[in-house]
Amino acid sequence: MKFQLMITCLGDVLRPEAGKATVRLLRELGHEIEFPEAQTCCGQPMFNSGFADLAREQAKHTIGVFDGDLPVVVPSGSCAAMVKVEYPHLLHDDKEWHARATDLAQRTYELSDLLVNKLQVVDVGARFAGSIAYHFACHLRLLNQTDEVVKLIENIDGATYMPLNRQDQCCGFGGSFSVRYPEISGRMVNDKAQCITATGADLVVSTDAGCLMNVGGRLRRLGDSVAVMHLAELLMRR
């Protein structure tokens, strides 16, 4: 199959390794990847901050960039949720754009969703000699995803999956939430970091660059040596 990659703005700026790993992984599985260079932000920061008109304009730009019939893979649950759930909602009153938003939503996949549910792949040949904890990013709920990442981890050669207490509790990032409510956000990520430390895992993995930035930063400030890695990077370990 041929896919288009939506890198996401946080992925592009803060975690380009995740985008590169996504491309390498899908190529190893025999697929082709296109990268539309006109893509920018999906508009989620504006949407979450209440600027619906600006978010609509950004949504229209993204829909135009990914026009066509190719499936789109997103190494981010939050951006995938923005496209799949919020775009049709934002453009509901415009018949033409709503139809285009719905079309893009139906062919957009978060990475673990694509692998496990679309491609029916749980073993990608990854190897990791150590224990792995998993932070379930909030927006995966909007996508009705459950244990896709766990299935992928459990099929990594040499890896031991370590259940995380309050696994699906938000890490406190939430994009602009962490800026508007820093005290609440700080307490949330502190709790998440303590849950990760308690597992004794060598590595914590997640699907979103924002979560990884937030959790990784807190772990470093606490002096914890646990590694932090995007799912795509982990699945490319050989």
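A nonpolar core is defined here as a set of buried Ala, Val, Leu, Ile, Met, Phe, Trp, Tyr and Cys residues joined through side-chain atoms within 4.5 Å, where buried means under 20% relative accessible area (1.4 Å probe, protein chains only). The structure is a predicted model, in which local features need pLDDT of at least 70 and side-chain atom pairs count only at pLDDT 80 or more, while totals for chains, interfaces and linings use all residues. Residues are numbered from 1 along each chain as its sequence is written, and side-chain values use heavy atoms, with hydrogens and water left out.

The largest nonpolar core holds 57 residues, of which L26, Y87, L115, I132, Y134, L234 and L235 touch the most other members. Helix α5 (residues 77-90) supplies the largest share of this core, seven residues; helices are DSSP runs of H or I, at least four residues, and strands are runs of E, at least two, numbered from the N terminus. Beyond its neighbours within four places in sequence, L235 is in contact (heavy atoms within 4.5 Å) with L25, L115, V124, A126, L152 and I156. A second, separate core of 15 residues includes A137, F173, C195 and V228.

The protein chain contains twelve helices and eight strands. Its radius of gyration, taken over C-alpha atoms, is 17 Å, close to the 18 Å given for 238 residues by the globule rule (2.2 Å times the number of residues to the power 0.38), so the chain is as compact as a globular protein of that length. Of the 238 residues, 52% count as buried. Among contacts between residues at least 6 apart in sequence, 78% join residues at least 24 apart.

Conventions:
Buried means under 20% relative accessible area, exposed over 50%, partly exposed in between (1.4 Å probe, protein chains only).
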